[in-house]
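Work through the exercises below with the sequence and the model open beside you. Each task is followed by a solution in steps.

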Amino acid sequence: MWSLTASEIESATPRFFVGAGDEGLGTQGAGMSMEESESELLEDEEDEVPLERQIIVGICAMTKKSKSKPMTQILERLCRFDYLTVIILGEDVILNEPVENWPSCHCLISFHSKGFPLDKAVAYAKLRNPFLINDLTMQYYIQDRREVYRILQEEGIDLPRYAVLNRDPARPEECNLIEGEDQVEVNGAVFPKPFVEKPVSAEDHNVYIYYPSTAGGGSQRLFRKIGSRSSVYSPESSVRKTGSYIYEEFMPTDGTDVKVYTVGPDYAHAEARKSPALDGKVERDSEGKEIRYPVMLTAMEKLVARKVCVAFKQTVCGFDLLRANGHSFVCDVNGFSFVKNSMKYYDDCAKILGNTIMRELAPQFQIPWSIPTEAEDIPIVPTTSGTMMELRCVIAIIRHGDRTPKQKMKMEVTHPRFFALFEKHGGYKTGKLKLKRPEQLQEVLDITRLLLGELEKDPGGEIEEKTGKLEQLKTVLEMYGHFSGINRKVQLTYYPHGTRVSNEEPDQHREILSPSLLLVLKWGGELTPDGRVQAEELGRAFRCMYPGGQGDYAGFPGCGLLRLHSTYRHDLKIYASDEGRVQMTAAAFAKGLLALEGELTPILVQMVKSANMNGLLDSDGDSLSSCQHRVKARLHHILQQNTPFGPGDYEQLAPTGSLSLLNSMAIIQNPVEICNQVFALIENLTHQIRERLQDPKSADLQLYHSETLELMLQRWSKLERDFRQKSGRFDISKIPDIYDCVKYDVQHNGSLGLQGTSELLRLSKALADVVIPQEYGISREEKLEIAVGFCLPLLRKIQLDLQRTHEDESVNKLHPLYSRGVLSPGRHVRTRLYFTSESHVHSLLSVFRYGGLLDESQDVQWQRALAYLSAISELNYMTQIVIMLYEDNTQDPSSEERFHVELHFSPGVKGVEEDDSAPAGCGFRPASSENEELQKDKGSMEDLCRSKGRDEPDRVLQTSPQPPEIPGLPRRSPLIRNRKAGSMEVLSETSSSRPASYRLFQSSRPPTEMKQSGLGRPFAPVILAPSL
């Protein structure tokens, strides 16, 4: 007979035991070593939990299931509840001992699998009457697909159209089958091919799909995964003639099956895999695991998850969804199922199960227990002014992460083949054409090769395209050995009267009157590994913006946003421009934000929406407005003067008085002299690279991101050729590219030890800090005009997002009838994330700064916010503008106090150079401005962390190794306290004193830890940025 010894029961340490028949009696788990003796377990007598106050949770399942990785992970977490002790009934006991000899337990987690004696488990439950996590009687029904479909139908859950063929002599009326060439008739119901044939036994996984003769006929035969296969094609087109089956309509999905895993009626985790019906090949990642795609459930799907969980009385339950024709259909219910390889799910599952057990049984044991107050149950958080309000909406506009240098080549083309290509792909409709797909780029390469071949045969022919430009076009298109729109694209723009490429010298002997196309080739600009890390880290930190996440960046990863998301209270959509680096940044950010695991491509496919509609996040940087042309011309004129800047130049170039702009102009003094120095440094740099190439030891050197010295020389040589023109004048438009390249090499290729790069970085940054922001307008009026041209669609979308938050949108909310236990039924937090490039971030910031949002002369805090922005010299990678909307339900709906808006801003990752002029916050707290001098040193993140470290000693113990330093993480900016300005909350330098959130487990990282970037700037663990 299996039993627990008294010493084991009396131990206060949470643990689980394995029953006899496996590793023997009393094998401890949950972090306990085998060497610990009973006397060691009883040393701390003052913390003993009396025997009568321990709730025993029994695990009754086959060994393969009870000792699986997911079960072990969940049980270890479950044992951290002080009053719970878990015992695992050994397989030998389950199979061979009568139920009277099974150990007693107060709560039973039991589920059927192959070989499991369900009858004995039901008998045991009747004998001991434990609290059942999953009902046992209903598990009989789950084993029969006919019963599963009947229950689903009774609950009003959508199913594929189906009919049951029962080959039972006692029920001949249910055995009518008429088979035709391309259809089957079952008991009067006709199913044209393709249709699905499923055995009625849920344990039989041999499901067949029959195809029509017009598609080649035959059938796809699905089975339980064997190695890397889950189905095979068979030429057999006839249905099976023995056994009972369900025949159902084939649902045309997008090639994925959605797997949903519930833990109670209010929690569901969803993921998708490639449908086994596609080709039978199981997609696996680099570690050999089946690729699962993260999935967002719709409101109706969340309702279905609740219905399935309740109808089958299975707290832990898995089922399959098919998404087809705009609807979702349940096609299978699997009963007790766990998510594989998701730490976040293990945390959530253990917490929900532990709270469920304690809520049910604690009163019987006189255990003083109440469900801990969850900060995420109601999204109510303190605003920066200290008031408690409900978070309703978070909108973020984020620049992409670290990338390789962007490169661009322009050429005018007039050959008829280019015009034919332009017409073929519909270029004349808008006058512009963007070519990114592999077959499109191949067409451009074919034309280029053809023209070069003709030029070689007849150099004096009628081909007007320059040989050098065609050679460069061919070289770039042939890079990598394959095409990808992520790293190359060609843009064509139609000019009816011809055009001269801006960086080419005028041709005095030729007047261009005939139509031409401007061909712009872009390559490079790929997201680097550092860029992925930056985005993922920022995603993790971004959780701190949500209820339950305050101050939790460095702590337990299952903070408020994750459960808010899984418990149906989070409405998230992620948009990205069509640039590959932007889309991969969005995917990496989503991975960190939602604690997803695995490769980025599945996340990108399933979760990131391409926003190439009405210019929402995309812009054609090569098609400038008339205002931009004027601004660029004036900017180039001022920077071509070979004299020191005078008062008039400052008035012309910096009429807004931007502090960062004035600082840069003070460094430059004479722009032509600085350009000469920059050009000399570039010449010296290319000379050094050529010398390295001649050195046999360095010739094959691999640089960062698989670049070679040859490729590095190509990009610098192109800048050397393009920067200084034949006339001796400098092409100012190349300054951002020069800064881009040297910044990349200093950060990633510093080990080469090239001389002069630091000085080149300093000078090119000074020039870039003038050119880049001023290309978006010099005067306030110009900045606003250009900004509206770039981001008007995005501004309208943001306005719509904020307005819709307080409108009735049932599609994004849990139905109130199914919100029992939720304090504010139907309420949700809307999150909209927009990933884009630098142009949209500059433009949006111009609108906030110069669009008259608040009266600077009347608002001290807005003055501080604008002063902070004025001192920012660069909007670096991962720059963020975050808008947070709060609602106070206690206020009258028409009152200005009802809604509260915060604007937060961060200039992104820290640059590679130390910038002494970078602005620093002072912890401004307008709510107590009379004590400003007393308060100004109390708002730093370091002080906050130190104080929390003193207040929370349980979080100080370091129990895990610290992560390696990560280069280029988003920089910490000071946080701000704010005051109300009508209904608008505006923030500049910020500090946060938000309370610590509830945590089930102790943090494994001390609160004083600050993640250090490889560039020396700490990353704030509590909040991202200063606010506007």
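A residue is called buried if its relative accessible area is under 20%, exposed if it is over 50%, and partly exposed in between, with a 1.4 Å probe and protein chains only. The model is predicted, so local features need pLDDT of at least 70 and side-chain atom pairs count only at pLDDT 80 or more, while totals for chains, interfaces and linings use all residues. Residues are numbered from 1 along each chain as its sequence is written, and side-chain values use heavy atoms, with hydrogens and water left out.

**Exercise 1. The chain as a whole**

Task: State how many helices and strands the chain has, and what share of its residues is buried.

Solution. 
Step 1. Helices (H or I, at least four residues) and strands (E, at least two) are DSSP runs, numbered from the N terminus.
Step 2. The chain comes to 29 helices and 35 strands.
Step 3. Of its 1028 residues, 57% count as buried.
Step 4. A contact means heavy atoms within 4.5 Å. Among contacts between residues at least 6 apart in sequence, 72% join residues at least 24 apart.

**Exercise 2. A salt bridge across the sequence**

Task: Find the parts of the chain that the pair R399 and E838 links, and decide whether each residue is buried or exposed.

Solution. 
Step 1. A salt bridge is a side-chain nitrogen of Lys or Arg within 4 Å of a carboxyl oxygen of Asp or Glu. This rule gives a count of 34 salt bridges.
Step 2. In the pair R399 and E838, the closest N and O atoms are 3.7 Å apart.
Step 3. R399 is in strand β22 (residues 388–399) and E838 in helix α26 (residues 838–850), so the pair links distant parts of the chain, 439 residues apart.
Step 4. R399 counts as buried because its relative accessibility is 4%. E838 has a relative accessible area of 18%, so E838 is buried.

**Exercise 3. Two further salt bridges**

Task: Describe the salt bridges of E478 with K474 and of K765 with E874.

Solution. 
Step 1. The closest N and O atoms of E478 and K474 are 3.3 Å apart.
Step 2. E478, at 32% relative accessibility, is partly exposed. K474 is partly exposed with a relative accessible area of 24%.
Step 3. For K765 and E874 the closest N and O atoms are 3.5 Å apart. K765 lies in helix α24 (residues 757–774) and E874 in the loop between α27 (860–871) and β30 (880–887), so the pair ties together parts that are 109 residues apart in sequence.
Step 4. Both K765 and E874 are buried. A network of salt bridges links K743, K765, D769 and E874.

**Exercise 4. A serine in a loop**

Task: Where does S244 lie, and what is it in contact with?

Solution. 
Step 1. S244 lies in the loop between β14 (229–234) and β15 (245–249).
Step 2. With a relative accessible area of 18%, S244 is buried.
Step 3. Leaving aside neighbours within four places in sequence, S244 is in contact with L165, N166, R167, K198, P199 and V200.
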